[in-house]
Amino acid sequence: MNFHEILTGQRALFSSQKTKNLNFRKMYLEKLKTVITDHQNLLCEAIYSDFGKSEFDTFTTEISFVLKDIDYYLKNLKRLAGPKKVWTNLVNQFASSKIYTEPLGCTLVIGAWNYPYQLSLSPVVASLAAGNTCILKPSEVAEHSMKAMAKIINENFPKDYLHVVEGGVEETTELLKLKFDKIFFTGSPRVGKIVYEAAAKHLTPVTLELGGKSPAIVTSHADFEVAAKRIVWGKFLNAGQTCVAPDYILVDEKVKESFLDAMTQYLKKFSYTADAKHYTRIINTRNFERLTRLIDPEKVYHGGNSDAAIRYIEPTLLHNISWDDTVMQEEIFGPILPVLTFQNFNEALLRISEQEKPLAAYLFSGNAEEKELFTQKISFGGGCINDVMMHLSNDHLPFGGVGNSGMGNYHGKYGFEAFSHQKSVLDRATWGEPNLKYPPYTDEKLNWIKRLM
Ligand code: NAD
């Protein structure tokens, strides 16, 4: 496929100014909503073929997210896209000052496989809402989901407005040679660096939504029942293949046993058996093998079983873990949860801040001082207190990483801004201007300027 040709078509459409029209944007957002709604069965079947994700999870964590985003932009488009009047400072009187939000142009969205619809289509929705054209390259790793998106979008949208490119490293490498006006990437820090480097050649702005090891801290002031229930749900949703899933637990040594006991109760209650329809499979054999290698049988507290034939890994709690263990050297991205202990809360925070900045961090505590220290002392993309992952479902909160876990953010108005340029315009009256800034310069003029500034 000739990617250059597709991009040239998209550039011509963007230059025609059509995509800036609010009715045009609304029409296609409505259309995307209809196309997704009409093809829900196809989307659910495809993702099930990829990694056994249930219809319940597909709706709640993928499709509903995208539909909610479309509704948000349909409702708020005029406000988000319209010019915003701001104050004009004294030096510039008499004038009016406005910020015009303009689309960046032709955009490229590169998706990850673990939430193939949400992570590909939510940025696409934000890009189109902001008035851009878009090429989407979903992850080839969730192959059926990629094909389903390509089918429903390419059959229903003009290629010069929105187009899905199927493919992996080779195709992405070719796409990255082209000059886009924005690249939005979701994936690993390793590939994030490749994308950033390619974008730099054209000075293309990027949003990088990456990953890392996200900690969950459980202190002696936590409600263990609540902590265990929420951590078990968040960690083992999608079989741990979630960028913001708690990667490891740091629990106060004094309460370790009661907390692990509560976790075990919930693991049993939620019944993640090999035949459970609600429990997702590991995406492929490569990841299955990588993950099973991380399970040290001597450190298994609960679980540890697996079945390669169906790429099933039982939710596994590891204990007696130290920072030097293999499982602590890389992002786990699977249903294995190492539990480390601490004696001093401040030292736990220090340990976290010595690692790469995580995409998420979670604290379970009822203590106000601990909450304050958690939010002030360590840097992370975003997180929750007494919950996991739910911060990303609130559109009023920007979602993104920091440092090694990414740059930029999206969701709600932040998604719109990620795909927009804020153009400042000062509209000056042709009268009433003191002659202060013009030569010849005098001491009197300088004194006036000093006073004014
Ligand atoms: P990945 O980096 O392997 O792949 C992401 C995309 O990059 C895919 O579309 C793939 O085709 C492409 N790609 C892969 N290798 C490439 C190369 N050499 N050159 C150019 N393109 C290439 O990531 P993944 O395995 O799909 O996802 C897992 C990672 O993504 C984890 O680190 C996870 O934490 C992170 N993630 C982050 C978020 C977030 O919102 N921040 C969401 C999901 C996943």
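Biologist: Which helix is Phe 51 found in?
Modeller: Phe 51 is found in helix H3, residues 40–51. Helices here are DSSP runs of H or I of at least four residues, strands are E runs of at least two, and both are numbered from the N terminus. This is a predicted model, where local features need pLDDT of at least 70, side-chain atom pairs count only at pLDDT 80 or more, and totals for chains, interfaces and linings use all residues. Residues are numbered from 1 along each chain as its sequence is written, and side-chain values use heavy atoms, with hydrogens and water left out.

Biologist: Is Phe 51 buried or exposed?
Modeller: Phe 51 is buried, at a relative accessible area of 0%. Buried means under 20%, exposed over 50%, and partly exposed in between, with a 1.4 Å probe and protein chains only.

Biologist: What is Phe 51 in contact with, leaving aside neighbours within four places in sequence?
Modeller: Its partners include Trp 113, Pro 116, Gln 241, Ile 282 and Arg 311. Contact means heavy atoms within 4.5 Å.

Biologist: Switching to domains. How is the chain divided?
Modeller: Domain 1 covers 3–210 + 402–425, and domain 2 covers 215–399. The bounds come from an automatic or database domain assignment. Their contact takes 30 residues from domain 1 and 30 residues from domain 2. The domain centres, taken over C-alpha atoms, are separated by 30 Å.

Biologist: Now H2 and H4. At what angle do they pack?
Modeller: About 170° between H2 (residues 22–38) and H4 (residues 55–81), with axes 10 Å apart. Axes are lines fitted to C-alpha atoms, for helices over the stretch in contact, and angles run from 0 to 180 degrees between N-to-C directions.

Biologist: Roughly parallel or roughly antiparallel?
Modeller: H2 and H4 are therefore roughly antiparallel. Under 35 degrees counts as roughly parallel, over 145 as roughly antiparallel, 65 to 115 as roughly perpendicular, and the rest as oblique.

Biologist: Which residues meet there?
Modeller: Among them, Leu 29 and Ile 36 in H2, and Ile 63 and Leu 74 in H4.

Biologist: Where are the cis peptide bonds?
Modeller: One joins Gln 93 and Phe 94, with omega about 0°. Phe 94 is in the loop between strands E1 (84–86) and E2 (95–103). Another runs from Pro 439 to Pro 440, omega near 0°.

Biologist: And what about phi at Asn 386?
Modeller: Asn 386 has a positive phi of about 65°, although it is not a glycine. Asn 386 is partly exposed, at 22% relative accessible area.
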